Amino acid sequence: MTEIKVVENIMKLNDSVAAEVRALLAERGVFAVNLIGSPGSGKTTLLERVLPKLAPLSEMLVLEGDIATTRDAERIAAGGIEAVQITTGNACHIAAHLIKRSLAQCDLSGRKYLLVENVGNLVCPAEFDIGEHAKIVVLSVPEGDDKPLKYPLVFQTSALCVLTKIDLVPYTDFSIARFKQNVEAVHPGMTIIQTSLRQEGGFEEVAGWLRSERTRLGAAA
Amino acid sequence: MHEYSIAAALADRVREQIELHRLRRVSVVRLRIGRLRGVVVENLSMFLGLLLEGTAAAGAKLEVDEVPIRLSCPACGMVAEAPEVWALHCPRCMGPAEIVAGKELTFVSLEAE
Ligand SMILES: Nc1nc2c(ncn2[C@@H]2O[C@H](COP(=O)(O)OP(=O)(O)O)[C@@H](O)[C@H]2O)c(=O)[nH]1
Ligand SMILES: [Mg+2]
Ligand SMILES: [Zn+2]
């Protein structure tokens, strides 16, 4: 028996494809975000509400990740925004090569924003770099205010936290103050934006965040 | 569930090494995994075992060196181990700290012939 030294990142293949995707997007002036959250946390709703406020429809492209069905892509396309469904088969996350393959079929000219809705799951998608410029973690009130402590990696690696369904706070034991404390413990200084279907304000704020982040990261063409 | 994703990537890396060095038998796979990854080693080991069935690494033992989360505070200079996976601020001044260790997902070595 001999020892064979390897010392490499287990995810190196995925990470190198992700780096390729990121470089391609930066070159084309496209700012890419990866939306991560549990099933039903409100990711598709967030896109439906935020995108019309973000930019002219032709400047945005949405990739919808799901284990099966094209329902979410159809919801986005109904709003006049180009959306491509990525079905992952049984995989619980989108891997970088799926993004690369989807982008090869898309026209990127004139695009400024790429929004990827990852497969509903707070754990696996946090492990996989897909070539995004920023991750956004989407958590809904009914999931509970302790989730940052239970899923620290996704909160730690995301640039923004969107807390959805705040209209449901009165019907649950969710405490926004406690949630903020928990987020602060995991990711000091993390920006949290609260949204509800009953008010447009939060969605405006998310659109503003995306615009300023695109400018800040110099993806502006 | 995320242990499956990691196991699948790792199984590819192990197969790559088997081909590269024309290994006949792999007895141990060694990893270094940061605590922040929240990997349940038992699950990883089970998935890896299934994925490597029928290869030269079938039945190989998985050895994992778990790396604690280490924080470094740019404001006050404190260097410390995070007391919990979710306590990622500076334990002295409570400011934002940099994570200097604890995110590792490293394939370190193989014991093979
Ligand atoms: N009460 C309430 N329900 C919401 C809100 N946002 C989304 N939902 C509902 O939550 C459900 C799941 O939303 P969806 O966007 O499909 O979640 P996804 O699986 O994360 O894409 C839908 O029935 C939405 O109408 C909200 O702000 N308040
Ligand atoms: Mg959805
Ligand atoms: Zn400090």
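1. Is Glu205(A) buried, partly exposed or exposed? Glu205(A) is partly exposed, at 45% relative accessible area. Buried means under 20%, exposed over 50% and partly exposed in between (1.4 Å probe, protein chains only). Glu205(A) is found in helix α9 (residues 201-216) of chain A. Helices (H or I, at least four residues) and strands (E, at least two) are DSSP runs, numbered from the N terminus. From Glu205(A) to Ile76(A) the C-alpha distance is 20 Å, across 129 residues of sequence.

2. A word on the basis. This is a predicted model: local features need pLDDT of at least 70, side-chain atom pairs count only at pLDDT 80 or more, and totals for chains, interfaces and linings use all residues. Residues are numbered from 1 along each chain, chains are lettered from A and ligands numbered from 1 in the order written, and side-chain values use heavy atoms, without hydrogens and water.

3. Now the aromatic rings. Rings of Phe, Tyr and Trp (its six-membered ring) pair if their centres lie within 6.5 Å; planes under 30 degrees apart are stacked, over 60 edge-to-face, the rest tilted. This rule gives three aromatic pairs over all chains. One of them is Phe31(A) with Tyr113(A), edge-to-face, at 6.4 Å centre to centre and 85° between the planes. Phe31(A) sits in strand β2 (residues 31-37) of chain A and Tyr113(A) in strand β5 (residues 113-117) of chain A, 82 residues apart. Both Phe31(A) and Tyr113(A) are buried.

4. Tyr4(B) is in helix α1 (residues 2-20) of chain B and Phe47(B) in helix α2 (residues 41-51) of chain B, so parts 43 residues apart in sequence are tied together. Tyr4(B) is partly exposed, at 40% relative accessibility.

5. Asp72(A) lies in helix α3 (residues 71-77) of chain A and Glu117(A) in strand β5 of chain A, so the pair ties together parts 45 residues apart in sequence. Asp72(A) and Glu117(A) are both buried.
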